[in-house]
Amino acid sequence: MTPDNEVRFRACLDDVAAYKPGRPPARTDGRPTYKLSSNENPYPPLPGVLAAATEAAAQMNRYPDMGCVELLDALSARFGVPVSDLAVGTGSVALLYHLLQATVSEGDEVVYAWRSFEAYPIAVQLTGATSVQVPLTADARHDFKAMEAAITDRTKIVLVCTPNNPTGPVVRRDELLAFLDVVPSNVLVVLDEAYREFVRDADVVDGVEVYRDRPNVVVMRTFSKAYGLAGFRVGYAIGHPPVVAAIRKCALPFGVSYVAQSAAIASLAVEEELLERVDALVVERTRVVDELRSAGWDVPETETNFVWLDLGDDTVRFAEAVQAEGVSVRPFPGDGVRVTIGETEANDLFLGVARAWRQ
């Protein structure tokens with residue numbers, strides 16, 4: 001019981017674990033270090049994007065456009081959707097927080113696969129709702145039959161992370177559409193497609209196409225990964241007007257800075273050049289996966305910019321071994337390690353540890 005003279009907080013905070021960001025690399029011998037723990041794009045900004053951000057920074061004494069009008073117009077043109085179907089926020093995770101705030105409260109349930117994005121249980125718990133975590137299959141994929149069985153009359157939202165973070169597999173067209181057909185129409189399905197641009201599987205459906213004739217589907221994407229704007233925090237949601245209006249009502253005023261808006265608009269203008277970098281990362285992803293499998297690792301299929309190693313109780317020890325080589329990776333103690341596809345030199349250092357681990 002809290003004494004009468006102490007500040008009182010919501011009970012749901014008692015068991016909330018703080019989000020753990022990827023650790024930066026550490027080394028004291030002067031050799032280069034590399035960060036493969038946060039799924040960042042290793043390429044520097046394109047000159048045009050950097051110029052747009054620099055020019056925008058000169059107006060830092062002014063508030064940004066709260067309506068993000070130019071960015072919404074650019075996204076509308078890019079995806080062929082009306083502005084009324086778009087919302088932007090400080091990363092796709094912020095949009096998720098806004099959506100949960102608008103939709104669920106105590107007594108409600110949110111269904112999602114696990115392990116998946118670490119922010120999900122935190123975001124759900126802060127609303128007072130209950131997470132219903134459905135274990136992944138043996139090959140690290142969504143188990144849609146089990147997710148269907150987990151839906152009750154208390155379910156308000158189902159989260160589908162595709163490709164799945166941190167394990168890598170993507171949800172394919174047939175299984176997604178079949179699942180959506182059995183989800184009640186009053187349950188909102190969130191397609192978290194933060195890594196969509198890295199997908200090369202032809203059997204994967206584009207969430208933007210799925211949402212068009214399904215009022216209970218909303219798609220979340222980000223400029224952080226493929227577009228290399230992780231430091232600016234810009235994400236967007238595409239859904240039907242009632243869903244988007246609810247997100248906007250819960251958004252913080254002036255959340256997306258003018259610099260971030262300008263950089264995102266400039267990125268869309270040079271999207272073809274940016275996606276050439278994504279192609280290069282996909283080639284490097286294939287090399288890393290092939291080498292891991294040649295060394296005896298059972299690596300799940302990945303359609304992202306990272307790979308997953310199922311290490312169980314050896315997770316922390318492996319992460320420390322890679323860290324000793326000047327490379328930080330993302331350990332999930334007791335489960336496994338997520339490793340971003342980064343610079344070739346960083347990937348090679350990681351692969352050296354991974355090969356030795358299997359000898």
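**The annotated lysine**

I began with K225 and found it in the loop between β7 (217-222) and β8 (235-238). Helices (H or I, at least four residues) and strands (E, at least two) are DSSP runs, numbered from the N terminus. I am working on a predicted model, where local features need pLDDT of at least 70, side-chain atom pairs count only at pLDDT 80 or more, and totals for chains, interfaces and linings use all residues. Residues are numbered from 1 along each chain as its sequence is written, and side-chain values use heavy atoms, with hydrogens and water left out.

The unreviewed UniProt entry annotates K225 as "modified residue: N6-(pyridoxal phosphate)lysine". UniProt positions are in the numbering used here, feature names are shortened, and annotations may be inferred rather than shown by experiment.

Is K225 buried or exposed? I get 17% relative accessibility, so K225 counts as buried. My cut-offs are under 20% relative accessible area for buried, over 50% for exposed and partly exposed in between, with a 1.4 Å probe and protein chains only. Leaving aside neighbours within four places in sequence, K225 is in contact (heavy atoms within 4.5 Å) with S38, N39, N41, A194, Y195 and F198.

**The annotated domain**

**Cores**

Next I looked up the nonpolar cores, meaning sets of buried Ala, Val, Leu, Ile, Met, Phe, Trp, Tyr and Cys residues joined through side-chain atoms within 4.5 Å. The largest has 82 residues, and F223, L292, F318 and F350 touch the most other members. Helix α10 (residues 271-294) gives the largest share of this core, seven residues. Where does this core lie? It lies between domain 1 (22-45 + 270-358) and domain 2 (47-269), because both give residues to it; these bounds come from an automatic or database domain assignment.

I then picked out F318: beyond four places in sequence, its contacts are W297, L309, L311, V337, F350, V353, A354 and W357. Apart from this core lies another, of 25 residues, including L95, F117, A129 and V190.

**Helix α4**

How many residues of α4 (residues 119-127) are buried? I count seven of nine, namely A119, Y120, P121, I122, A123, V124 and T127. They pack against α3 (92-103), β3 (109-114), β4 (130-135), β5 (155-161) and β6 (188-192). Just after α4, G128 takes a positive phi of about 90°.

**Rings**

I find 13 aromatic pairs. Rings of Phe, Tyr and Trp (its six-membered ring) pair if their centres lie within 6.5 Å; planes under 30 degrees apart are stacked, over 60 edge-to-face and the rest tilted. Y112 and W114 are edge-to-face, at 6.0 Å centre to centre and 70° between the planes. Y112 is buried at 0%, while W114 is partly exposed at 22%. F117 and Y120 have centres 5.5 Å apart and planes at 80°, so this pair is edge-to-face too; both residues are buried. Ring pairs also link F79, F223, Y227 and Y236 into a cluster.

Last, I checked charges over rings (NZ of Lys or CZ of Arg within 6 Å of the ring centre and within 35 degrees of the ring normal). R78 lies over the face of F79, at 4.6 Å from the ring centre, and R358 lies over that of W297, at 3.9 Å.
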